[in-house]
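Colleague: Please show me the model, and then I will ask what stands behind some of the labels.

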Amino acid sequence: MFASELFGEQWLDKFEDVNITGIAYDSRNILEGNVFVCIKGFETDGHKFAEMAEKNGAAIIVAEDKIDVDVPVWYVDDSRIAIAELACKYYKNPSEKFKLVGVTGTNGKTTITYLIKSILEEAGMHIGVIGTNQNIIGDKVLLTQSTTPTTPNALELQQLFAEMAQSDAECVVMEVSSHALELERVHGCHFDVGVFTNLTQDHLDFHKTMENYLNAKAKLFQISDKGVVNFDDEAGKKIASNADCDILTVGLSDESRLYAKNIDITARGVDFEMVYDGKTYPMHISIPGKFSVYNAICAAGAAVQLGIDIETIQKGLSKAAGVMGRVEVVPTDTDYTVIIDYAHTPDGLENIISAVREFAKGRVITLFGCGGDRDNTKRPVMGEIAGRLSDYSIITSDNPRTEDPEAIVAQIEAGMKKTDGKYTLIVDRRKAIAYALDFAEKDDVIILAGKGQETYQIIGKEKYDFDERVEVYKHLNK
């Protein structure tokens with residue numbers, strides 16, 4: 001592709017045309033003939049690496065601030081928007097070749113994307129998924145998510161779209177984080193359906209206020225043709241009233257157009273009736289918990305907005321397998337149960353403990369921590385929730401990053417002390433898991449909360465291998 005195709009004919013008014021071989025925002029990844037886009041990040045500024053990019057072979061540099069290099073520089077007001085637009089053009093707008101569904105909200109995004117995938121595959125469609133766990137087309141994994149955010153950066157996102165288009169994807173279902181919406185990662189994308197799950201406290205280190213957090217989520221419904229909104233959530237009501245698209249409301253009351261009633265929760269899953277436009281349909285999902293009903297009706301709503309018939313939705317939900325790290329039962333030859341769940345927010349923790357309480361015959365033992373260098377106001381809140389709902393809690397580490405792990409644990413404990421809950425503090429997560437396994441008795445359920453699908457622990461700025469499934473297996477078989 002030539003520069004004039006990428007930047008428009010106005011390029012020829014300033015510079016000679018040149019063949020472009022790719023786009024990069026990391027000067028270390030520059031190849032001969034690439035466009036290098038200087039992006040101002042939270043830890044460093046890409047403008048500082050313009051000279052390095054030039055030395056490594058950059059043919060053109062895109063920048064917001066004045067830089068001194070000997071290759072053509074294209075100045076823009078916003079580099080994040082620029083790289084998104086350039087990536088769309090370079091990869092020939094791949095998302096226009098399939099239907100695109102975006103799921104946003106604090107909790108439930110990953111599970112809902114997989115439930116939608118199950119429904120659409122039941123309809124015979126070839127589906128791609130982009131999100132926290134992995135990026136896949138059909139059963140093929142495209143890129144491990146251990147090194148990328150929930151929603152990939154704009155460049156990687158368009159690369160993934162291009163690969164999915166080449167693989168004949170008919171629909172791509174993706175998680176759309178508030179960071180992605182605020183930082184223009186999905187700029188240039190147009191969604192056939194946007195889905196809103198809920199809004200609870202998270203990411204205030206970035207957004208600062210819940211209002212800002214809500215406004216970021218609401219942006220999805222300015223770039224979607226249709227929407228599905230959890231109308232039981234107050235934030236959902238606000239999004240629905242201000243959306244620029246056709247909204248299908250979902251919930252657990254007849255206030256919504258599509259809603260669930262007569263809910264029966266067991267250890268084997270949930271049976272409920274789904275009411276849509278006055279007609280009632282029996283539904284089953286094999287993931288236990290009231291939150292699973294919300295996930296199911298959000299997925300069903302997305303399918304309805306895509307024109308999928310109810311019978312297919314019923315079959316797709318009933319066939320949906322669990323998602324790694326979401327109410328995931330770890331196989332153990334014990335008389336107690338171990339569950340791994342990604343719950344790392346107050347609402348997520350309350351949901352998983354409440355779900356387990358609905359079927360646990362013995363004690364509910366909750367092991368959890370809070371991430372370092374993230375919103376610290378939720379730590380005592382989560383401590384209070386665990387203390388109030390669990391029979392026993394083990395407060396430990398969960399990606400402490402550059403913070404003192406003991407200080408994080410102390411903040412969680414402050415909330416725990418507001419309750420009568422029994423607990424212990426074990427900062428080392430490996431030792432904490434071993435303690436939980438030794439402490440458990442017949443019919444108890446251990447919840448390992450916070451890490452979910454993650455197979456690492458971030459201490460300082462280093463990432464160490466740490467898979468809770470492996471830790472459980474090792475301790476039980478030592």
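Colleague: Leaving aside neighbours within four places in sequence, which residues is Lys-451 in contact with?

Modeller: They are Asp-341, Tyr-342, Asp-398, Asn-399, Arg-429, Tyr-456, Gln-457, Phe-466 and Glu-468. Contact means heavy atoms within 4.5 Å. This is a predicted model: local features need pLDDT of at least 70, side-chain atom pairs count only at pLDDT 80 or more, and totals for chains, interfaces and linings use all residues. Residues are numbered from 1 along each chain as its sequence is written, and side-chain values use heavy atoms, with hydrogens and water left out.

Colleague: Why is Lys-451 called buried?

Modeller: Buried means under 20% relative accessible area, exposed over 50%, and partly exposed in between, with a 1.4 Å probe and protein chains only. Lys-451 has a relative accessible area of 0%, so the residue is buried. Lys-451 lies in the loop between S21 and S22; helices (H or I, at least four residues) and strands (E, at least two) are DSSP runs, numbered from the N terminus.

Colleague: What does the side chain of Lys-451 reach at 2.9 Å?

Modeller: The backbone oxygen of Tyr-456. The side chain of Lys-451 also makes a polar contact with the side chain of Gln-457, at 3.2 Å. A polar contact is a pair of N or O atoms within 3.5 Å; within protein, one must be able to donate a hydrogen and the other to accept it, and residues adjacent in sequence count only if both atoms are side-chain atoms.

Colleague: What makes Asp-428 a cap of H16?

Modeller: A side-chain oxygen of Asp-428 lies 2.9 Å from the backbone nitrogen of Arg-430, at the N-terminal end of H16. Within H16, the buried residues are Arg-429, Ala-432, Ile-433, Ala-434, Ala-436 and Leu-437. Their cover includes S17, S18, S19, S21, strand S22 (456-459) and helix H17 (468-476).

Colleague: What is the strand order in the open sheet of six strands?

Modeller: The order is S16-S17-S21-S18-S19-S20, with mixed pairing. Strand S16 (328-329) and strand S20 (423-425) each have a single partner strand, so they stand at the edges, with one side of each left without a neighbour in the sheet.

Colleague: How do you know that S19 and S20 pair?

Modeller: Two strands pair if DSSP finds at least two bridges between them. Strand S19 (residues 392-395) and S20 have three bridges, in the parallel sense. Ile-395 stands opposite Leu-425 in S20.

Colleague: How many aromatic pairs does a search of the whole structure find?

Modeller: Eight. Rings of Phe, Tyr and Trp (its six-membered ring) pair if their centres lie within 6.5 Å; planes under 30 degrees apart count as stacked, over 60 as edge-to-face and the rest as tilted.

Colleague: Why is the pair of Trp-11 and Phe-15 called tilted?

Modeller: The ring centres of Trp-11 and Phe-15 are 4.5 Å apart and the planes stand at 40°, so the pair is tilted. Tyr-90 and Tyr-91, at 5.1 Å centre to centre and 85° between the planes, form an edge-to-face pair. Ring pairs also link Phe-7, Trp-11, Phe-15 and Trp-74 into a cluster.

Colleague: Is Phe-15 buried or partly exposed?

Modeller: Phe-15 has 25% relative accessibility, so the residue counts as partly exposed. Trp-11, at 0%, is buried.
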